[in-house]
Amino acid sequence: MINQSDNVMKLSSINRRMFILGVAKVIILGGIISRLFFLQVKENKKYLTLSDKNRIREWKLPPIRGSFQDYFGNTIAGNFEAYQLHLIPEEVENFRYTINRIKNILGLSENQFQKILKKKKEIKSWETLIVANNLTWENFSKINNNLYDLNGVKPVISISRSYPFKENYTHILGYVSQANKEDVLLNETIKEKFVQGLKVGKIGLEKTFENDLIGSNSIERYEVNAYGRRISQLAFQKGDQGKMIKLTVDTEIQKLANELLYEKAGSICVMDIFTGHVIAMHSSPSFDPNKFVFGISEDDWQLIRNNPMKPLVNKSLSGNYSPGSTIKPIVALSALENEIVSTKFTVNCRGHKNPLELYGQTYHCWKKEGHGFVNLKEAMKQSCDTYFYEVSRRLGVDRLSETAKKFGLGKKVFGDLFDIEKNGLIPSTTWKKNALGRGWLLGETIITGIGQGYIQTTPIQLCLMTAQIANGGHKIYPKIILNSNDIDDDKFMPVVKNKKNIKLIQDAMFSSTNEIRGTSYRSRIEDPKYQFAGKTGTAQVKKITERDRELDLETSEIPYEERDHALYIAFGPYKSPRYAVSILVEHGGSGSTVAAPIAKKLFKKIVDRHEIRKNFETKKYLNI
Amino acid sequence: MYLHNRLNNKSNNFFQKIRDLDFVLLISILSLGFISFATMYSTDGGQLLFHTKSHFVKFIIFTILMLIISFFNIRLWFSFSYVFYLVVILMLIWTINFGVTASGSQRWINLYFINIQPSELMKIFIILCLAKYFHRKRLENVNSFYSIIVSTIIIFLPMSLVIIQPDLGTSILISISGILVMWFAGLNHKYFFYSFLMSLLSFPFIISFLKPYQKLRVLTFLNPDRDPLGAGYQIIQSKIAVGSGGLFGKGFLKGTQSYLEFLPEKHTDFIFTLFSEEFGFIGSVLLLLLYAIIIYRVIKIGAISRSYFAKLFCYSYGASLFVYIIINMSMVLGLLPIVGSPLPIMSYGGSSMLATMIGFGIVMSAKIHSKQSIA
């Protein structure tokens, strides 16, 4: 059928085409091989890196936070081992059963239980589910005893923040809690070290020194598969604990301050008048910072938030109060410095029945019957308002504010250390013009002389002021971080022109406490070892009306919100002063009955502790 | 001797047939089977799991089938060519109505003991069918209007049946196989040139007919980094696997890309990436060399075959194998968009292996009966 010649033609055609295709095949094969060469040999490094990036993943672990120590090396914020319960859902045979079993063992509430179930849904089945993050030892042992029945459940001991002195240091240290989005955004270091469960300082020194305290993450390097599941651990790189920070505070005194202000709202500050070391700084009421570490419960939070005594406010630093009579030493000093008055200058005080009338206004002394003719010392001793009205009238607000500022008022004591610290306010004519746009009134000068009106100070400022009076009028820079090296050139430079003036003020304060008719005479200590000098203050919260004066109510009869703040500033021991103290009791009533007695108890302790502190300083303490 | 054989080809006994087997081809296929078995073992993470066992069993069965096919006279395959073609066409139609659906396309027929993919079988039977068709044609008739229309229909019928499954990759491979036969049969070059021009011109038109996922594949091919975790993931991970293999590879069972499950479709279309990652450039070139030997042997058998049918079949089959391999490799090396095309023998998949082995069987039959002429 098939023609022979056609067959030959067909064969030659097919063979020719086969040859063409053969050549094409060789070329294409060459192309494929060159592509392989390009990928596998030339670009090998790039793809190897990509492959490693694929398979190796690093896990950061929360770093171990640096601790805080008090002056004597006691840990006041440290790390403790928290008993936790971890569970990896896919390793649990019967999740429902196991979780119900745990619920029964730990006695979890329905609410907590639902939270755990919700958390489980959010994570991948091979990720760790933290069932409980801070178990009691009792519950932890219960779990351990029942482990035979709880497949896949892991009791874990993890490291977490603890504040062994609970509410004592809350306002100095602040507290740590779970880092949130805002923390990560605002702080580069936190962003860099962020891991699930990282706790960061939310307030106080914990926040200020976040970058020092945080430490560095331990890093686990794992080989992972395409779904992110860990296959094997390749390396473990241990991180460093954060820096330890030593404070100047004395826990014993801090604790006493807390006890003295028990169920009161107020503040106690104690300062070394030479070194500026803050020995104690307490704001009451306080709260237990440990509650915040694992997230505070809603009930506890509401309790703290709605407390009328405002535990969340650090009254020592951010409480702006009228200083009341505690400003009088500065008024007197300023008058002496500016040679407005001499020690012999007297004013006749006729009590608030016969008030002083100036520029059409009446100004009352606190004492009904009046003090009669008083000189500077007597006026300070008995806290005669009439005398200080007259002195401040003569002095003028600008000269007063100049002196007050030299003594640390109207300015943050710790600078940037605490972001909640307030400036207070020392008014002057220019200040009023700038801030309120109105001229200064003379009447305002007069009430500023007894620490009312615009003037506002924080308790720590009053403490610094007292310290500078006590050390003979020398500039000091308070500090709470022990080893912070300050480079203040004017440290310990005199801030007064005449040393005699300071001595006069110190004497006046001494007589106020230790001489009969002194406002804090009842709170004196006669033993010269503990003897201290002070000045009371009673800051009005609202203007006293004529009706109030007639009623002359006891403190307990006035509504809490309207009661006066009780203040007291003091230094001691008198024969060789070393410590200054400021005490404030919010709505406590009068300074002499409420605040001064606190100082009495405080000074005993302070002086006793001084011996130990001095010995500790010279390391004798360690050699015994 | 030759004369003797020619005259007594019917009396070829069984042992003679065994002696006439192409041992180079057989050994190459067996080596390829061994390599594919080892690679499959690696995809299972170094364990004898389902894929490995199943692949091994299929390879053994289909090798035996190949030998059985090769002992039948090539004339038998010649005479049944059209029948086979029609049977597979019927199977394709059956698939459309009663096929088993998996991952969005209806490709399989459930034969109770095995699921078979007729489109894979069509790759081989279209060559068989067209080879028979052109065997009878005179060279001058090859370019006649009538024969062009008939052969085009022979190609278009299965192609369209496969494309509606939908399975673009296989239908392209079927048509390429068909076109290769037409080319070897001596179809004028100008037709290829014109149709190439036509397809270029109609390219934008075709694009609009593509399904969204197919368009995405084309776009991804042009720029894999546009969606590295989505559409571009396969090709990026595939390139990483191949590239990280280096000159000598990461070692057997040590391919991290596959072991850690970064490679998609590592059992089937992307098996070469795993092989390449573990055995490197050297291994890959050796594998290509093995394929080249196989193709060379297939073409060689075609060259020594007396019958035009056998010659046409062997040449076309060799060329098709080459195209399958090149398309698969280009795909995994990022030179072509991703279309479903398995690597012959290496890839997991019974139908593909069955088709390939039937092809080898017919080629071997052509070798054993190379002196056989077909009327």
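Reader: How do I read two packed helices, say helix 5 and helix 6 of chain B, and at what angle do their axes cross?

Author: Start with the general idea: a packed pair is described by the angle between the two axes and the distance between them. In this predicted model, helix 5 (residues 74-98) and helix 6 (residues 118-136) of chain B have axes that come within 8 Å and cross at roughly 145°. The crossing of helix 5 and helix 6 of chain B is left-handed.

Reader: Which residues make the contact?

Author: From helix 5 of chain B, they include Trp77(B), Phe78(B), Tyr85(B) and Leu92(B). From helix 6 of chain B, Leu121(B), Met122(B), Phe125(B) and Ile126(B) are among them. Sorted by type, the residues of this contact of helix 5 with helix 6 of chain B come to 15 nonpolar, 3 polar and 1 charged.

Reader: Okay, what about strands? How many form the open sheet in chain B, and in what order?

Author: There are 3 strands in this open sheet of chain B, ordered 1-2-3, with antiparallel pairing. Strand 1 (100-102) and strand 3 (115-116) of chain B are the edge strands, each pairing on one side only. Look at strand 1 and strand 2 (residues 105-110) of chain B: they pair in the antiparallel sense over 3 bridges. For one bridge you can find yourself, go to Thr101(B), whose partner in strand 2 of chain B is Gln106(B).

Reader: How do I read the two faces of a strand?

Author: In a regular strand, side chains alternate between the two faces of the sheet. Now take strand 17 (residues 533-539) of chain A, where 7 of its 7 residues are buried.

Reader: Which strand of chain A does strand 17 of chain A pair with over 7 bridges?

Author: That's strand 18 (residues 565-572) of chain A, and the pairing is antiparallel. Within it, Ala566(A) stands opposite Thr538(A).

Reader: Zooming out, how many helices and strands are there in chain B?

Author: Chain B has 16 helices and 3 strands, and 50% of its 375 residues are buried. Chain A has 25 helices and 19 strands, with 42% of its 624 residues counted as buried.

Reader: Last one: how many residues of chain A are in contact with chain B?

Author: 37 residues of chain A are in contact with 36 residues of chain B. Helix 1 (4-42), helix 2 (44-55) and strand 8 (218-224) of chain A each supply at least two residues on the chain A side. The largest share, 20 residues, comes from helix 1 of chain A. By type, the chain A side has 20 nonpolar, 8 polar and 9 charged residues.

How values were computed
Residues are numbered from 1 along each chain as its sequence is written. Chains are lettered from A and ligands numbered from 1 in the order in which they are written. This is a predicted model: local features need pLDDT of at least 70, side-chain atom pairs count only at pLDDT 80 or more; totals for chains, interfaces and linings use all residues. Two residues are in contact if their C-beta atoms, placed from the backbone, lie within 7 Å. Helices (H or I, at least four residues) and strands (E, at least two) are DSSP runs, numbered from the N terminus. Ala, Val, Leu, Ile, Met, Phe, Trp, Tyr, Cys and Pro count as nonpolar, Asp, Glu, Lys and Arg as charged, and the others, Gly among them, as polar. Axes are lines fitted to C-alpha atoms, for helices over the stretch in contact, and angles run from 0 to 180 degrees between N-to-C directions. A crossing is left-handed if the near helix is turned anticlockwise from the far one by less than a right angle, and right-handed if clockwise. Two strands pair if DSSP finds at least two bridges between them. A residue is buried if 20 or more other C-beta atoms lie within 10 Å of its own, exposed if 12 or fewer, and partly exposed in between; C-beta atoms are placed from the backbone.
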